[in-house]
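Subject: Structure handover

Hello,

Here is the structure for you to look over. My notes on what turned up follow below it.

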Amino acid sequence: MWKKRQQRSPFRSTDTLIGHGGILEGKVHCDTNLRIEGSFSGEIECSGTVTVGEQSTVHSMITAGEVVIAGKVYGDIYAERQTIMTGTGQLHGNLTTASLSIMEGGLLNGSVSMKEKPAPAKTGGMVVEAKSQGTREAG
C-alpha cells in the first residue's frame with residue numbers, strides 16, 4: 001500500500017579507518033576519506049581528506065585533497081586544497097598546500113610552500129581559469 005521511495009546516490013563514499021591501537025605499514029591508495037587513529041608507516045595517496053587523530057602517529061609521505069592533523073606526523077605532506085592543524089597536531093616535515101590553518105598549540109617543524117589558487121577571470125562572458133603552470137586557456 002505505502003511505497004517508500006528509495007533515493008540512491010550514484011556515488012556513496014565510505015571512509016577508511018585505521019583504528020586506535022592498530023599498526024599498519026605499507027602503501028595506501030584511496031578515493032574516499034581516510035582516518036588514522038592508530039599508527040601508520042609508509043605512503044598515503046588519497047583523493048579525499050586524510051585525518052590524523054589525536055592519539056595517532058604517522059611516519060609517512062601524504063598526498064591528499066585535504067589533511068587534518070590532530071596527532072603526530074613525521075614526513076612531507078602535499079595537500080591539494082587545504083591543511084588544518086589542531087592544537088594537538090604536530091608536523092615534523094615539509095608542507096605544500098593551497099590553504100593552511102594552525103590552531104593555537106599546533107607544532108610545525110619544517111618548511112611551508114603555499115600554492116596560489118587561481119582566481120577565475122571573466123572575458124566576454126567566458127570564464128578563464130589559470131592553470132597551475134600559470135598559463136591561461138579559453139574554452
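Lys-115 is partly exposed, at 24% relative accessible area (buried means under 20%, exposed over 50%, partly exposed in between; 1.4 Å probe, protein chains only). Its side chain meets that of Glu-80 in a salt bridge, 3.2 Å from N to O (a side-chain nitrogen of Lys or Arg within 4 Å of a carboxyl oxygen of Asp or Glu). Glu-80 sits in strand E7, while Lys-115 is in the loop between strand E12 (112-114) and strand E13 (121-123). The two are 35 residues apart, so the pair links distant parts of the chain. Glu-80 is partly exposed too, at 40%.

A word on the source. This is a predicted model: local features need pLDDT of at least 70, side-chain atom pairs count only at pLDDT 80 or more, and totals for chains, interfaces and linings use all residues. Residues are numbered from 1 along each chain as its sequence is written, and side-chain values use heavy atoms, with hydrogens and water left out.

How many salt bridges does a search of the whole structure find? The search gives 3.

Glu-66 forms one of them with Arg-81, the closest N and O atoms being 3.4 Å apart. Glu-66 lies in strand E5 (residues 57-69) and Arg-81 in strand E7 (residues 77-85), so this pair ties together parts that are 15 residues apart in sequence. Arg-81 is partly exposed, at 36%.

Glu-37 and Arg-35 also form a salt bridge, with the closest N and O atoms 2.6 Å apart. Is Glu-37 buried or exposed? Glu-37 is buried, at 18%. Arg-35 is partly exposed, at 39%.

Glu-66 has a further partner. The side chain of Thr-49 makes a polar contact with the side chain of Glu-66, at 3.3 Å (a pair of N or O atoms within 3.5 Å; within protein, one must be able to donate a hydrogen and the other to accept it, and residues adjacent in sequence count only if both atoms are side-chain atoms). Thr-49 lies in strand E4 (residues 39-52) and is buried, at 17%.

Now the whole protein. There are 0 helices and 14 strands (DSSP runs numbered from the N terminus; helices are H or I, at least four residues, and strands are E, at least two). Buried residues make up 30% of the 139 residues.

Best wishes
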